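My notes follow, in the order I looked things up.

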Amino acid sequence: MTRLLLALCIGIVVLDAVEAVFSRLTGVPYAWASLIQLVVYLGLGFTLRRLGAQISQAVALGAAVAAVEATVGQIVAIAIGAEPKQPVAAEVVVVPFVVVFCTVLVLIGSALGSIGRKRSV
C-alpha cells in the first residue's frame, strides 16, 4: 500500500507539472486543469475498487493524494509558471476544501466501481 501511495503522489505531482507546462505554452488558463483532476479522482476511486481495494482504503489513498496535490502539486505548478488559482494566504481554506472535494470524488468513483462487482467472501 505504501508503494502505491508513493506512486500515486508522484503521479499527481507530475500531472500538475504537465498541466502547468501546457498552460504556459498554450495560454489556456491553468484552472481548466481542474476538469482533468475531476476525471483523475473519479477514475482513481473506480480503479482501486475494481482492483479489490476496500472503499475505506480507496478514500484514504484519495485523501492523501489530494493533500499532496493541493500542496506540493500546487507549489510545483506555480514554480513552473502556472497562474496561482488563489492568493497564497487563501491556501489555509482551499487545501482542506480540495482534500474533501477530491475525497468525495474518489468515494463516488469507488461506489461506481462497486456496481456489478462480485462480493468476495
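I began with handedness: α1 passes α2 in a right-handed crossing. For my own record, a crossing is right-handed if the near helix is turned clockwise from the far one by less than a right angle, and left-handed if anticlockwise. Helices here are DSSP runs of H or I with at least four residues, numbered from the N terminus.

Housekeeping next: this is a predicted model, where local features need pLDDT of at least 70 and side-chain atom pairs count only at pLDDT 80 or more, while totals for chains, interfaces and linings use all residues. Residues are numbered from 1 along each chain as its sequence is written, and side-chain values use heavy atoms, leaving out hydrogens and water.

**α1 and α2.** I looked up the geometry of helix α1 (residues 2-26) with helix α2 (residues 33-50) and found an angle of about 160 degrees, with the axes 11 Å apart. That makes α1 roughly antiparallel to α2, a label for angles over 145 degrees. The axes are lines fitted to C-alpha atoms over the stretch in contact, and angles run from 0 to 180 degrees between N-to-C directions. Contact means heavy atoms within 4.5 Å. On the α1 side I noted L4, L8, I12, L15, D16 and E19, which meet A33, I36, Q37, V40, Y41, L44 and L48 in α2. I sorted the residues of this contact into ten nonpolar, one polar and two charged. Nonpolar covers Ala, Val, Leu, Ile, Met, Phe, Trp, Tyr, Cys and Pro, charged covers Asp, Glu, Lys and Arg, and the others, Gly among them, are polar.

**α1 and α3.** Helix α3 (residues 55-80) packs with α1 at about 35 degrees, axes 8 Å apart. I read this crossing as right-handed. Among the α1 residues that meet α3 are L5, C9, V13 and R24. The tally for this contact is 17 nonpolar, two polar and three charged.

**α2 and α3.** Which way do α2 and α3 run relative to each other? They are roughly antiparallel, at an angle of about 150 degrees with axes 9 Å apart. I found the contact made by Q37, Y41, L44, L48 and R49 of α2, with partners in α3 including I55, L61 and E69.

**α4.** Last, I checked helix α4 (residues 91-114): its 24 residues reach 34 Å from first C-alpha to last, close to the 34 Å expected at 1.5 Å a residue. Buried residues (under 20% relative accessible area, 1.4 Å probe, protein chains only) include V95, V99, L105 and G113. The buried residues of α4 pack against α2 and α3. After α4 comes G116, with a positive phi near 80 degrees.

Methods. Helix = DSSP H or I, 4+ residues; strand = E, 2+ residues; numbered from the N terminus. Parallel < 35°, antiparallel > 145°, perpendicular 65-115°, else oblique. Expected span 1.5 Å × (residues − 1). Buried < 20%, exposed > 50% of the residue type's maximum accessible area, 1.4 Å probe, protein only.
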